[in-house]
Amino acid sequence: MTHDHPEATEAENGYDRLSRWYQSLERMLFGSALTRARYQLLDRLPQADRLLVFGDGDGRLTREISRRRPDCSMVSVDLSSEMLRLQRQRLSGGGGHGSIELIHADVRSINLDPKDFDGIVLVFFLDCFRRAELEELLPLWLATVKSGGFVYFVDFIMPEAGWRAVRGRFMLSLMHCFFRWQTGLENRRLVDFTELFKTLRLECMVEHVSSHGLIRSAIYRVS
Ligand SMILES: C[S@@+](CC[C@H](N)C(=O)[O-])C[C@H]1O[C@@H](n2cnc3c(N)ncnc32)[C@H](O)[C@@H]1O
């Protein structure tokens, strides 16, 4: 695939390479903590007929959503064709009756209709972008969600103090170094997503913090 953003080729190749090992690497570093955080608030999601999912990677979350919301249709966008191949495989194993469209694209260049979705799913995804990019892109992505719709967000946060903060800094710098090496990730530090969402006037409806303050799962209402 040719890209508008030159660095996307390196990222795509990197995620293609990582796709097969992704789940094992995650288990090695975090055990089942990321899986639990991913699914933590799924049963609290508001009613949705149509969801937009960005960067689900190997398809574990889209499959879980389609199991729990069998009538929900999804559009799932990912930069990596190998990740999408795994998603296709996982989804073919059964799930819901809703349609799932897989789109191979860079979300920075994609054109989607405004107010077409009941919610957008951003799970361990926003950390792929720098804050300046997110300030530009998030409003465009949120514009695809109907008023009164929602954002399902799961990602890392920096624990506030003590040994948890030391552990958090260590884990996050390890991950940033690893992804910089493998995918050319430019981010060197975690964006404060909670603060960024406040500037976008997203209203937090429910949240859950896990893994000793390192991971936050939340549902936000889009006004
Ligand atoms: C860190 S992985 C997270 C995967 C999954 N969401 C999870 O919970 O583990 C990031 C995913 O986003 C995709 N991705 C990264 N940058 C992207 C972009 N600009 N456009 C679309 N997908 C992207 C990668 O291919 C990868 O599948």
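Take Val53 first: its bridge partner in strand 4 is Val121. This is a predicted model, so keep that in mind throughout. Strand 1, residues 50-54, and strand 4, residues 117-123, pair in the parallel sense, over 4 bridges. As background, strands of a sheet pair through backbone hydrogen bonds, either parallel or antiparallel.

Next, helix 6, residues 131-142. Its 12 residues should span 16 Å at 1.5 Å a residue, and the end C-alpha atoms are 16 Å apart, which agrees. Which residues of helix 6 are buried? Glu133, Leu134, Leu137, Leu138, Trp141 and Leu142 are. Looking down the axis of helix 6, you find the buried residues within an arc of 125 degrees, so they line one face of the helix. On the face of helix 6 turned away from the buried side, Glu136 and Leu140 are exposed. The cover over the buried residues of helix 6 includes strand 1, strand 4, strand 5 (145-156) and helix 8 (193-199).

On to helix 1. It has 12 residues and reaches 17 Å from its first C-alpha to its last, close to the 16 Å expected at 1.5 Å a residue. Buried in helix 1 are Ala8, Ala11, Glu12, Gly14, Tyr15, Asp16 and Leu18. These buried residues pack against helix 2, helix 5, strand 3 and helix 7.

Let me stay with helix 7, residues 162-183. Helix 1 and helix 7 pack at an angle of about 110 degrees, and their axes are 8 Å apart. That makes the two helices roughly perpendicular. From helix 1, the contact uses Glu10, Ala11, Gly14, Tyr15, Arg17 and Leu18; from helix 7, it uses Phe178, Phe179, Gln182 and Thr183.

Ser19 lies in the loop between helix 1 (7-18) and helix 2 (22-30). Is Ser19 buried or exposed? With a relative accessible area of 5%, Ser19 is buried, because the cut-off for buried is under 20%. Setting aside neighbours within four places in sequence, Ser19 is in contact with Glu82, Met83 and Leu86.

Last, two backbone angles. Most residues other than glycine have a negative phi. Lys115, which is not a glycine, has a positive phi of about 50 degrees. Lys115 is in the loop between strand 3 and strand 4, and at 45% relative accessibility it counts as partly exposed. His212 also has a positive phi, near 50 degrees. His212 lies in the loop between strand 6 and strand 7 (215-221), and its 41% relative accessibility makes it partly exposed.

Key:
Residues are numbered from 1 along each chain as its sequence is written. This is a predicted model: local features need pLDDT of at least 70, side-chain atom pairs count only at pLDDT 80 or more; totals for chains, interfaces and linings use all residues. Side-chain values use heavy atoms; hydrogens and water are left out. Two strands pair if DSSP finds at least two bridges between them. The expected span of a helix is 1.5 Å times one less than its number of residues. Buried means under 20% relative accessible area, exposed over 50%, partly exposed in between (1.4 Å probe, protein chains only). The arc is that of the directions from the helix axis to the C-beta atoms. Contact means heavy atoms within 4.5 Å. Axes are lines fitted to C-alpha atoms, for helices over the stretch in contact, and angles run from 0 to 180 degrees between N-to-C directions. Angles under 35 degrees count as roughly parallel, over 145 as roughly antiparallel, 65 to 115 as roughly perpendicular and the rest as oblique.
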